[in-house]
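This report looks at selected parts of one structure. Please keep the sequence and the 3D view at hand while reading.

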Amino acid sequence: MHDIRAIRDNPDAFVAGWSSRGVEDARAVVDELLRLDRELRAAQTAGQDGLAKRNAASKAIGAAMGRKDMAEAERLKAEVESLKGEIAAAEATEREVGAKLRDLLAAQKNLAADDVPDGEDESANVEVSRWGEPRRSGPAKDHADLGEALGLLDFEAAARMSGARFAVLKGGLARLERAIGQFMLDVQTGEHGYLEVNPPLLVNDAAAYGTDKLPKFADDLFRTTDGRWLIPTAEVSLTATVMGQQLPESELKTPIRMTALTACFRAEAGSAGRDTRGLIRQHQFYKVELVSITRPEDSDAEHERMVGCAEAILQKLELPYRKVLLCKGDMGFGARKTYDLEVWLPSQDTYREISSCSNCGDFQARRMDARFKRDGEKKTEFVHTLNGSGLAVGRTLVAILENYQQDDGSIRVPAALIPWMGGVERIAAG
């Protein structure tokens, strides 16, 4: 969400900023926002003027009656009644125009940070660094083929009970998935100082709206019969812990850092035909999420730190990856700057996204009214919110299957995971 006062003060900056993020006819959007803003303020002024006149007339009625000037008192009473209608009309206009202005503001993307590269799509993303040596020695099997050959990955059973984009994991693969999640969670809490949180998987409209998932991405979410939403990522519930709160600055001197291992649910409404086979794009999956709440001046450094915490998992698992800075056209709706980590998948001979870490600035905080008060100051400011995958468990499982596959079809367990696997070093059929 953006501050209409900032748009009013510098409309050209928003025209340029939204145009660079692919918004068609950004000038028309800004003009409409400013028109609604003028109409809203005019209605507010009319309502305030009407209230002032009504109050003055009400006082004058008593004075007229005290003078026994009944004619003047009746005239003033008629004026008060007339003003009631004007005030009600102004209030109705204020509600209607205010709702239109809020809805249009809520539909606009965040502005990109100054150091985010221009570009319309992923082709303009900038590779920052690489780690590890990709496997290119001979043909590599796809993770789905590997899992099915082991008899431990069953898509047919999942389809019978749930439909497409679900999977049943068994035996060693089920244990490996569990071990990956626990390993990630333990590293982020034990080594990187994140507070483990077990949040709700169901949230209300306010939480989904505050984390910019509503109204734009409603079709990508699953909704329950009582109007709640299944979380698409723990970012929603973790960030919403500060929704509507006013924090003392002392709580933010060190950023609030939270992590959670949760199931996540996505309708994948816009991904028809993409990654329909395998575990890359599922309706239900597990992910370790990282969320930070900071002061504005701390969010850039926290962003770099968060990316490093996600990279540490890949390095411990010895999975080759690259770090990419997304261009303006490829960033998510609420992000002002995003790094993607892409892990090497031998079967595809390419890197695929396994983590996305974003600094949202005050964009989400404005939507959920999350503020803090500096020491010795009366006014409040909006916090900055950041989120990232640390990592997606299913995609990490995919990367391990493909990068650690052996010639006999078995899967070698990465050394870092062996303690979480109870000493198991290899997953084989049967």
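Predicted model: local features only at pLDDT ≥ 70, side-chain atom pairs only at ≥ 80, totals over all residues.

## The three-stranded sheet

Three strands form an open sheet in the order β7-β13-β14, and the pairing is mixed. At the edges lie β7, residues 246–248, and β14, residues 380–382, each of which pairs on one side only. On average, neighbouring strands of the sheet are turned by 35° against each other, with direction ignored.

Strand β13 covers residues 371–373 and runs antiparallel to β14, joined to it by three bridges. Phe372 has Glu381 in β14 as its bridge partner. In general, the strands of a sheet pair through backbone hydrogen bonds, in either a parallel or an antiparallel way.

## Geometry of the α2 and α3 pair

Helix α2 spans residues 11–20 and helix α3 spans residues 26–66. The two pack with their axes 8 Å apart, at an angle of about 140°. Angles over 145 degrees count as roughly antiparallel and 65 to 115 as roughly perpendicular, so α2 and α3 are oblique to each other. The crossing of α2 past α3 is right-handed.

## Residues in the helix contact

From α2, the residues in contact are Pro11, Asp12, Phe14, Val15, Trp18 and Ser19. They meet Ala26, Arg27, Val29, Val30, Leu33 and Leu34 of α3. Sorted by class, the contact between α2 and α3 holds nine nonpolar residues, one polar residue and two charged residues.

How values were computed. Residues numbered from 1 in each chain as written. Heavy atoms only, no water. Pairing = 2+ DSSP bridges. Helix = DSSP H or I, 4+ residues; strand = E, 2+ residues; numbered from the N terminus. Axes fitted to C-alpha atoms, helices over the stretch in contact; angles between N-to-C directions. Parallel < 35°, antiparallel > 145°, perpendicular 65-115°, else oblique. Left-handed = near helix turned anticlockwise from the far one by under 90°. Contact = heavy atoms within 4.5 Å. Nonpolar A, V, L, I, M, F, W, Y, C, P; charged D, E, K, R; others polar.
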